[in-house]
Structures are given as C-alpha cells and as structure tokens.
Amino acid sequence: MAYQQLKEELIAFSKEIGIEKIGFASAEPFSDLKSRLEEQQTLGYASGFEKGTNEERTEPKRLMPQAESIIAIALAYPTRIKNDPKSVKGDRRGMFCRASWGTDYHLVLQEKLDQLASFLQEKVEDFQYSSMVDTGELSDRAVAERAGIGFSGKNTLIISPEYGSYIYLGEMITNLPFPPDQPLTDGCGTCTKCIDACPTGALVEPGRLNAQQCLAYLTTTKGFMPEEHRDKLGNFIYGYETCQVVCPYNKGIDFHHHPEFEPDPDLVKPRLVDLLAISNREFKEKFGKMAGSWRGKKPLQRNAILALGHYKEVAALDTLIDVMNQDPRPVIRGTAAWAIAKIGEERGFEAIRGAKGHENNAEVIEEMNKGLEMEILSH
Ligand code: SF4
C-alpha cells in the first residue's frame, strides 16, 4: 500500500518535471527477450553496438542484486522544423534524423532520471537505483513495453498511443517493490506499412530487424557503405526513419514540450558541401552536443558524399574532386570517386582517371574502377 502511494507521488512529480510518460515494471528476467537475442546473434542480425552479455541484458538482478522494480520513462520529441531550410539543386542540405535533433537525448533523459532518483532518495532511506538511457545493458524497449509505455510495433519500436514512436526511452532499476503497470495490447493489427516501406528489407518479419541491413545503422558505420544501399539514403546523413514516418500512429504527431530537443535548422540540415571541409575542432563545437555526432565526423562526411552523388549535384563536383585527390581517409576518397561517377560529367571521369594514377589504396582504386565502368555504361 505504501508503495502504491509512493508510486502515485512519483507519477505526480514526473509530470511536474516534464516527463510525458512513466511506467512501472517488475524486475523479473526478460526470458522471451533472451531467446530472441540469441536468435538475432545466430542469424547475424545484431548491430554489435549492444552492451553486456545476454544474461546482463535480460536479468536486472545481475546488474543490481536488490532489484525489485524498474521505472520506465518516455519523453516526446518534435518532428517538424520551424523555418525549415529547403534542400535545393545547387545548395543541397543533409538531414539528421529526428532522434538527433537538439541536445543529445541521453543527457536530457539522464537528468530527468536523476531528478526522480533525488525525489525517491528523500522519501526512502535505503533507496538504491541504477539508471540507463540507450547505452546500458537493459533493452529500453523491452522495459518500456513491460511497463506499459507503449506496445512493440512491427517496426520494433515502442509506440505510445499519445506520442507515437517519436519518444525517447530511459529506465531506472530500483530496490523498491512498486506495483507494476500492465503492458498495452499490440496495436498494429493487419497493418504492414513499415515492412512494405523499408527500402532494404531490414524488417525481415513483423518485429524482427536485421540491424546489418537497417539504413539507420548503416549511416553510423565507418567503412564503405555497401554498394547496393548507397543510393537509398536520399539526404539522410545520420539515421533513417521511413519505418516511423509511414506509421499511422505517427500521423500528425509533433510535440514541442522540451526546449532541449528543438532543432537548430542549420545543424540538423547542414549544407553538405560545408560538412566536407569541416575541421575536427569545428565539428566538435558545432555538432558535439547532438546525439548524431557520437561516431565522429567520418560517417557523416561519407554519407554527405553519398547524398551529393545521389542527387547528381554538379555544383559539388569540384569539391568532390578535391576530396578524392586530397583526403587522407581511403573511405572518403573512394566514396567521392563513386559520387563523382554518379554525377556523370565528363570532367568528373577525367578526374577519376587522373587520381587513379597516383592512388595507392586497393579499395579506393576498386571504387575508381567501378566509377569508370559507370562511364562505359552511360554511353
Ligand atoms: Fe505497426 Fe503499421 Fe506502425 Fe508498422 S506502420 S509499426 S505495422 S502500425
């Protein structure tokens, strides 16, 4: 009874500090998740970014032996940019996915969880907790689902009836036996829009993602983009969200509750050419607070080059030729060769031929050869 009351007080406090949704779950093992993780690993569908062993990821007591319950929180983020700068021919802009707008959500949610912890510390003498956002061992989605924040959609995202899937998730394991909330029932029904819209077939079946084929994951890798996916990103340079955009639960959703998540138009839609010339220091100063900067500038620059190739941006040709000739990173030089060939101008192919004469890296030379094959095919 005392914990029911404390739960109600905590819910009221969570509203005061701007948490849109809060839910409570037991700290029992996530047994179904464990077998799913094992399957994902066997099938080669995991991203490799996961933290901890399967046991740590599914048994909260391994992370905190006194664990009794888990508190899940969700914060809604905006989906539309005020004064949206247009990406037009001759002045192309890239795009960070919405989950990277504003200040890095890890920091914002961690601060909210810290506030909840301080509240409980004042009420309960021997309160113990361990909180995490995205990068911890626990699956934010499994916890949120169990705590009734939303149901797990066929796109593998947690969908809240009020806020759609445009929510950030975080959680706190506690030693307090809060009465649990009930999970929501699956709301997808017969809809398959996300599966149908995924350009790479990464949603291999309802609720199962092959992360290795997911464009959002692929925007964060540091090597060459697999050739078959280079032309599918449009202007996305970080993340990809078609499986969210097409979801009927996200129709018309656009919450601007948190100033921290408001996008700076020039940061979330940066000029692609400018991004190619940015120094490490400038990158850190400008983009360092965004969630999308966590892998550094190289994957973003590679993706910016892909976007310029995708749009056949002739105005960027000279910049791309400079990059192909001068950048010290083979992935960037090779991707520039691909983009130059994609643009398809005669002087671009000439530049590839010239650069090939002094290129030493085998992978870059291979990209240049593929680019020159494009020239033959275009005739
Ligand atoms: Fe479910 Fe349809 Fe949304 Fe996919 S698009 S998550 S199937 S409701």
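Analyst: Helices (H or I, at least four residues) and strands (E, at least two) are DSSP runs, numbered from the N terminus. By that count, Asp140 sits in helix H6. One heads-up: this is a predicted model, where local features need pLDDT of at least 70 and side-chain atom pairs count only at pLDDT 80 or more, while totals for chains, interfaces and linings use all residues. Residues are numbered from 1 along each chain as its sequence is written, and side-chain values use heavy atoms, with hydrogens and water left out.

User: Okay, why is Asp140 called buried?

Analyst: Buried means under 20% relative accessible area, exposed over 50%, and partly exposed in between (1.4 Å probe, protein chains only). Asp140 has 11%, so it counts as buried.

User: What does Asp140 touch?

Analyst: Contact means heavy atoms within 4.5 Å. Setting aside neighbours within four places in sequence, Asp140 is in contact with Met132, Val133, Asp134, Leu169 and Glu171.

User: And Asp134, what makes its phi stand out?

Analyst: Most residues other than glycine have a negative phi. Asp134 isn't a glycine, yet its phi is positive, near 65°. You'll find Asp134 in the loop between strand S4 (129-132) and helix H6 (140-146). Its relative accessible area is 37%, so Asp134 is partly exposed.

User: Where is Thr156, and is it buried or exposed?

Analyst: Thr156 is in the loop between strand S5 (151-152) and strand S6 (158-159). At 13% relative accessible area, Thr156 is buried. Thr156 also has a positive phi, about 75°, without being a glycine.

User: How do you know that the span of H15 agrees with what a helix should have?

Analyst: The expected span is 1.5 Å times one less than the number of residues. For the 14 residues of helix H15 (residues 330-343) that gives 20 Å, and the end C-alpha atoms are 20 Å apart, so the two agree. As for cover, 13 of the 14 residues of H15 are buried. Just after H15 comes Gly344, with a positive phi of about 80°.

User: How many disulfides does the structure hold?

Analyst: A disulfide here is a pair of cysteine sulfur atoms within 2.5 Å, and the structure holds 0 of them. Take Cys97: the nearest cysteine sulfur, that of Cys214, is 10 Å away, and Cys97 is in no disulfide. Cys97 has 8% relative accessibility, so it's buried.

User: What makes a residue part of the ligand's surroundings, and which ones are there?

Analyst: One of its heavy atoms has to lie within 4 Å of the molecule. Among the residues around the ligand are Gly153, Lys154, Asn155, Cys188, Cys191 and Tyr249. Ala, Val, Leu, Ile, Met, Phe, Trp, Tyr, Cys and Pro count as nonpolar, Asp, Glu, Lys and Arg as charged, and the others, Gly among them, as polar. On that basis the shell has 7 nonpolar, 2 polar and 2 charged residues. Cys191 comes out at 26% relative accessible area, so it's partly exposed.

User: Why does Lys21 count as buried?

Analyst: Its relative accessibility is 13%, so Lys21 falls in the buried class. Lys21 belongs to strand S1 (residues 21-26).

User: Then why does Gln326 count as exposed?

Analyst: Gln326 has 61% relative accessibility, so it lands in the exposed class. Gln326 is in helix H14 (residues 317-326). Gln326 and Ala355 are 29 residues apart in sequence, and their C-alpha atoms are 9.5 Å apart in space.
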